[in-house]
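Here is a short report on one protein model. Please keep the sequence and the 3D view at hand while reading.

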Amino acid sequence: SVTPAPLTPTGNASPSNGNASPSKPSPWPESEDDGYRYLTLLRWMVRNAADEERRVANALPPGPHGADEFVYLARLDRDPNDWQPYALGVREYHGVDRTDYYTMSAQGITHFLDGAQPEFITAERWELEVANYKKIKSLTVFRTYKKWKSWKLWRKSVMSAKMQRAASVLEKNLFVLDPVFAPTIDKVRDACRELSEKRLSK
């Protein structure tokens, strides 16, 4: 079985040169994680796996990390009002929620959700989805959606309150709704209608 490698944050990976392996990203504080720094670690894993294949093909000794390294990821739901499905953070095995977690290797990312079949997405496909998600989210209609929705709800609430106040004023002040004046007004209207239907002549 493969032993999970120590989980380290991401940095910039350098391409292999000669017999040198790609340098592994350096750690970073969790407070500085924006939810997408793991992508640099993913790119390093892909480069490192390619470097290991190159070493095998050229009968070179293996690199310091091997090609089977993987890490655990968990969702970074810091803002309940801002759902970001691709914002993940590197976690130690003991810090993973067993009902909802991810593993990442050079092959790609696998999502494990309690009660569902694991979902695997290749590294290339995952990066494409992240790029498309960021592009869509940057569109004005999505970027301003929360403000626009809040304004619409506020406007609807204000208009509804104004209509209710107006209806209340009308019920209190309109003659046709007054229990005393309404019958008299009906009688006058009926008399006017009968008079208009008659032909007045000498």
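Arg 125 and Glu 129 form a salt bridge, with their closest N and O atoms 3.2 Å apart. Both residues belong to helix H2, and four residues separate them, about one turn of the helix. Arg 125 is partly exposed, at a relative accessible area of 46%. The model is predicted, and side-chain atom pairs count only at pLDDT 80 or more.

Side chains of opposite charge can pair when their charged atoms come close. By the rule used here, the count comes to seven salt bridges.

Helix H5 spans residues 181–197. Arg 189 forms a salt bridge with Asp 186, and the closest N and O atoms are 2.5 Å apart. The two residues are three apart in the helix, so about one helical turn separates them. Arg 189 has 43% relative accessibility and counts as partly exposed. Asp 186 is partly exposed too, with a relative accessible area of 33%.

Asp 190 and Arg 193 also meet through their side chains in a salt bridge, at 2.8 Å from N to O. Both lie in helix H5, three residues apart, about one turn of the helix. Asp 190 is partly exposed, with a relative accessible area of 31%. Arg 193 is partly exposed at 42% relative accessibility. Elsewhere, salt bridges with shared partners join Asp 51, Arg 54 and Arg 55 into one network.

Strand E3 covers residues 100–105 and strand E4 residues 108–113. Five bridges join these two antiparallel strands. Asp 100 has Leu 113 of E4 as its bridge partner.

## Strand E1

Is E1 buried or exposed? Six of its six residues are buried, so E1 is largely enclosed by the rest of the structure. Buried here means under 20% relative accessible area. Phe 70, Tyr 72 and Ala 74 point one way from the strand, while Val 71, Leu 73 and Arg 75 point the other way. All of these are buried.

E1 pairs with a strand on each side. Four antiparallel bridges link E1 and E3, and Tyr 72 stands opposite Thr 103 in E3. Four bridges also join E1 to E2, again antiparallel. There, the bridge partner of Arg 75 is Leu 88 in E2.

## Helices against the sheet

In the sheet, Asp 100 is the bridge partner of Leu 113 in E4.

## A nonpolar surface patch

Which residues form a nonpolar patch on the surface? They are Ile 136, Leu 139, Val 141 and Phe 142, with about 390 Å² of accessible area together. Phe 142 is found in helix H3, which spans residues 140–143. Phe 142 is partly exposed, with a relative accessible area of 49%.

Notes:
Residues numbered from 1 in each chain as written. Predicted model: local features only at pLDDT ≥ 70, side-chain atom pairs only at ≥ 80, totals over all residues. Heavy atoms only, no water. Pairing = 2+ DSSP bridges. Patch = residues over 30% accessible without salt bridge, like charges linked within 9 Å, V, L, I, M, F, W, Y side chains within 5 Å. Areas by Shrake-Rupley, 256 points an atom, 1.4 Å probe, with all protein chains shown as cover. Salt bridge = Lys/Arg side-chain N within 4 Å of Asp/Glu carboxyl O. Buried < 20%, exposed > 50% of the residue type's maximum accessible area, 1.4 Å probe, protein only.
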